[in-house]
Amino acid sequence: MEQMSIFSAPAASQPLAARLRPQNLDEFVGQRHLLGEGKVLRRLIEGDQVSSMIFWGPPGVGKTTLAQIIARRTKAAFIDFSAVTSGIKEIRGVMQQAEDNRRFGERTIVFVDEIHRFNKAQQDAFLPFVEKGSIILIGATTENPSFEVNAALLSRCKVFVLQALSAEELTALLRHAMADPRGFGGQPVALPEGTLERIAVFANGDARTALSTLEMAVLNGELDADGGVKVTEDALAQCISKKSLLYDKSGEEHYNLISALHKSMRNSDPDAATYWLARMLEAGEDPIYIARRVTRFASEDVGLADPRALEQAVAAFQACRLIGMPECSVHLTQAVVYMALAPKSNALYAAYETAKADAARAVAEPVPLHLRNAVTGLMQQLDYGKGYQYAHDYDDKLTAMTCLPDSLAGKRYYLPTRQGEEAGLQERLDGILAWKAEKKGDA
């Protein structure tokens, strides 16, 4: 069951990126850490010794191209399979074909493009055939396979991480496109100075985007009397006016960027925090999600070192709900910069995490009798509330009464830092603890 692929598309109707798709490893641009001389993936491909593997990387870095190079070099049967258009029925058909090949002593390589689009049941259908060696599975994905590929299947595959192409690599690729007969090598094309470099930067590591942008610029150029093409500065500007930011609101990049924002604020870097905020908002992230994370940060990483941080975060959250994007971008910027410049304390976070651990270890720890409310006669008979000291009845508004269970008496959870306003709270707490220690000593 060999599905249609770009192998079968008429060359004349193919876009530039397809026409220039590398036919062998020597034409391949980028991924020198995997495909340089002597590197492991190059040796596997050249020796026709590929095993089950996953190609993981952003769009346009050569995942499908590598699979097609393998298809040309291997002596095994090669089945090109799309996760977008295939279901369980198609998988079973492919597996039956692979089983037939195995009985005749022939290996079968199954390439699954966008394997992350398969659900668990579909991925499970591959597992027994990979386990017993009926197929060699090669998957391609833009998503972190740790999240998107079943653990059992992933454990039987070697993961190769493909990287975004550098601007220099993309520029070299574009120069090749201008010289190669499959590209614009046979056609006189005049480009504004620095065009290829500007397209390379715009493409953001994506070879397909770079070639498609070049093709769009040339196709929209002005024809001269001699049949040549002149790409104007205006036409080029239109082609590279809006960069497409790599982002998936439910995938790994979502978590990478919010992590970068959070850690930039924690490191008191307002410039980096503003940049990561802009990256998320311009890629289409929900401002409410960001506002929630900033609100969490206000207490987790600033806390009582600056109690106004939480007010700023909640105000930004309300502004986002009231007016939305793009207007609320400035409110989020205000909150993010405020968090970055605020004094930092994780004392509240640490206090809760420590208390949570103690609560989990002693889930049945009883509330001391003097802290219970005696709301019925029976409760009064059982000494509920006996010994309770009402702080407002005392001049210092303090008592030496113990409020923790006996097994945790004296345990400290909130340990203020010396940052910002928390330094004053530390002095206040030190005074309270000294007063209580003195009173207990007098008792």
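1. Glu353 and Lys356 sit three residues apart in helix α18 (residues 347-361), so about one helical turn separates them. Helices here are DSSP runs of H or I with at least four residues, and strands are E runs of at least two, numbered from the N terminus. The two side chains form a salt bridge, with the closest N and O atoms 3.2 Å apart; the term means a side-chain nitrogen of Lys or Arg within 4 Å of a carboxyl oxygen of Asp or Glu. Glu353 is partly exposed at 29% relative accessibility, and Lys356 is partly exposed at 40%. (Buried is under 20% relative accessible area, exposed is over 50%, and partly exposed is in between, with a 1.4 Å probe and protein chains only.)

2. A word on what we're looking at. This is a predicted model, where local features need pLDDT of at least 70 and side-chain atom pairs count only at pLDDT 80 or more, while totals for chains, interfaces and linings use all residues. Residues are numbered from 1 along each chain as its sequence is written, and side-chain values use heavy atoms, leaving out hydrogens and water.

3. How many salt bridges turn up in a search of the whole structure? There are 21. Side chains of opposite charge can pair when their charged atoms come close.

4. Have a look at Arg308 and Glu421, which form a salt bridge with their closest N and O atoms 3.0 Å apart. Arg308 lies in helix α16 (residues 308-323) and Glu421 in the loop between α19 (377-381) and α20 (422-442), so this pair ties together parts that are 113 residues apart in sequence. Both ends are partly exposed: Arg308 has 41% relative accessibility, and Glu421 has a relative accessible area of 37%.

5. Then there's Asp180 with Arg182, whose side chains meet in a salt bridge at 3.1 Å, N to O. Asp180 counts as buried at 11% relative accessibility, whereas Arg182 counts as partly exposed at 28%.

6. Asp26, Glu37, Arg42 and Glu46 deserve a click too, as a network of salt bridges links them.

7. Last one: Glu300, in helix α15 (residues 287-302). Glu300 is buried, at 14% relative accessibility. Its side chain makes a polar contact of 2.7 Å with that of Arg296. (That is a pair of N or O atoms within 3.5 Å; within protein, one must be able to donate a hydrogen and the other to accept it, and residues adjacent in sequence count only if both atoms are side-chain atoms.) Leaving aside residues up to four places away in sequence, Glu300 touches His262, Arg266, Ser345, Asn346 and Tyr349, contact being heavy atoms within 4.5 Å.
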